[in-house]
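User: Got a model I'd like to talk through. Can you take my questions as they come?

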Amino acid sequence: MMFGHHSIRSGYLVGVTVLLTSAWGARVLAQEHSHDAGAQNGELVKIVREATERFKDVRVAESEGYALQFGCVTGPDAGAMGMHFVNFPLVLDGEIDPRRPEIVIYEPQPDGRLRLIGADYLVLADTWDAKHQDPPQLMGQLLQYFESPNRFKLPAFYTLHVWAWKDSPTGTFVNWNTNVKCDAFSPQN
């Protein structure tokens, strides 16, 4: 009887050891992948900052073909997206390049100034899908698909917000930033 109990116990310990070893290995792999993704995400934010630094002055963005569209985009409970200055030739070119954002995003300030807070990468879904089998990614970040009709009155599109200049508590690449406000927005901005 002791021999049978010992075998069951040994089998149990081997099973637990295998399970823990597998779980530990998976955890290490997940951490390594997460670390790699974190490094790549940091690199993307760095590139976006370098590409948009000059747009801290909204007049520079306007001189390079960006124009305000959609007012100041806000949601009832998710914060805001801010003011989108869109460069339509870049939207229509069907390409995604981290150094050439289709949209630069500003937050209106109480003193009337605009503060650069991020960039948005956008490609029309029909244009992208005609040339690619997979949805667009930017340095490992999958762009989100927006169906049509949508609040922007655009055809279906893929988009990725990068909050490079203002932290977002829910993530660097989410659509809505709960730290962004449109309270100071006026159509004259």
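User: How many aromatic pairs does a search of the whole structure find?

Analyst: Seven aromatic pairs turn up in the whole structure. Rings of Phe, Tyr and Trp (its six-membered ring) pair if their centres lie within 6.5 Å; planes under 30 degrees apart count as stacked, over 60 as edge-to-face and the rest as tilted. Keep in mind that this is a predicted model: local features need pLDDT of at least 70, side-chain atom pairs count only at pLDDT 80 or more, and totals for chains, interfaces and linings use all residues. Residues are numbered from 1 along each chain as its sequence is written, and side-chain values use heavy atoms, with hydrogens and water left out.

User: How do Phe 85 and Tyr 106 pair?

Analyst: Edge-to-face, with 5.1 Å centre to centre and 75° between the planes. Phe 85 is in strand S2 and Tyr 106 in strand S3 (residues 103–108), 21 residues apart, so the pair links distant parts of the chain. Strands (E, at least two residues) and helices (H or I, at least four) are DSSP runs, numbered from the N terminus.

User: Are those two buried or exposed?

Analyst: Both Phe 85 and Tyr 106 are buried. Buried means under 20% relative accessible area, exposed over 50%, partly exposed in between (1.4 Å probe, protein chains only).

User: And why is S3 largely enclosed?

Analyst: Because six of the six residues of S3 are buried, the rest of the structure largely encloses it. Ile 103, Ile 105 and Glu 107 cover one side, and Val 104, Tyr 106 and Pro 108 the other.

User: What does S3 pair with in the antiparallel sense?

Analyst: S2, over four bridges, and S4, over six bridges. Two strands pair if DSSP finds at least two bridges between them. Phe 85 stands opposite Val 104 in S3. Glu 107 stands opposite Arg 115 in S4.

User: What's in the turn between S3 and S4?

Analyst: The two strands form a hairpin with five residues between them. Gly 112 in that turn has a positive phi of about 95°.

User: Back to rings. Which ones are linked into a cluster?

Analyst: Phe 70, Phe 146, Phe 152 and Phe 157, through ring pairs. Both Phe 146 and Phe 157 are buried.

User: What about Phe 157 and its strand? How many residues of S8 are buried?

Analyst: Six of its six. Phe 157, Thr 159 and His 161 point one way from S8, and Tyr 158, Leu 160 and Val 162 the other. S8 runs antiparallel to S4, with six bridges, and to S7, with three. Phe 157 is the bridge partner of Leu 124 and of Phe 146.

User: New topic. How many cavities of 30 Å³ or more?

Analyst: One. The largest cavity has a volume of about 120 Å³. Of the 15 residues that line it, the closest to its centre are Phe 70, Ile 103, Asp 120, Leu 122 and Phe 157. On a 1 Å grid over the protein atoms alone, a cavity is a set of points where a 1.4 Å probe fits but cannot get out, and lining residues have an atom within 4 Å of a point. A volume is the space filled by probe spheres set on the points.

User: Which elements each supply at least two lining residues?

Analyst: Strand S2 (80–86), helix H3 (88–92), strand S4 (114–124) and strand S8 (157–162).

User: Last one. What does the charged end of Arg 49 sit over?

Analyst: The ring of Trp 165, 4.4 Å from its centre. The cut-offs: NZ of Lys or CZ of Arg within 6 Å of the ring centre and within 35 degrees of the ring normal.

Note on methods: 1 Å grid on protein atoms, 1.4 Å probe; cavity = no way out; pocket = protein on both sides within 12 Å on 5 of 7 lines; lining within 4 Å.
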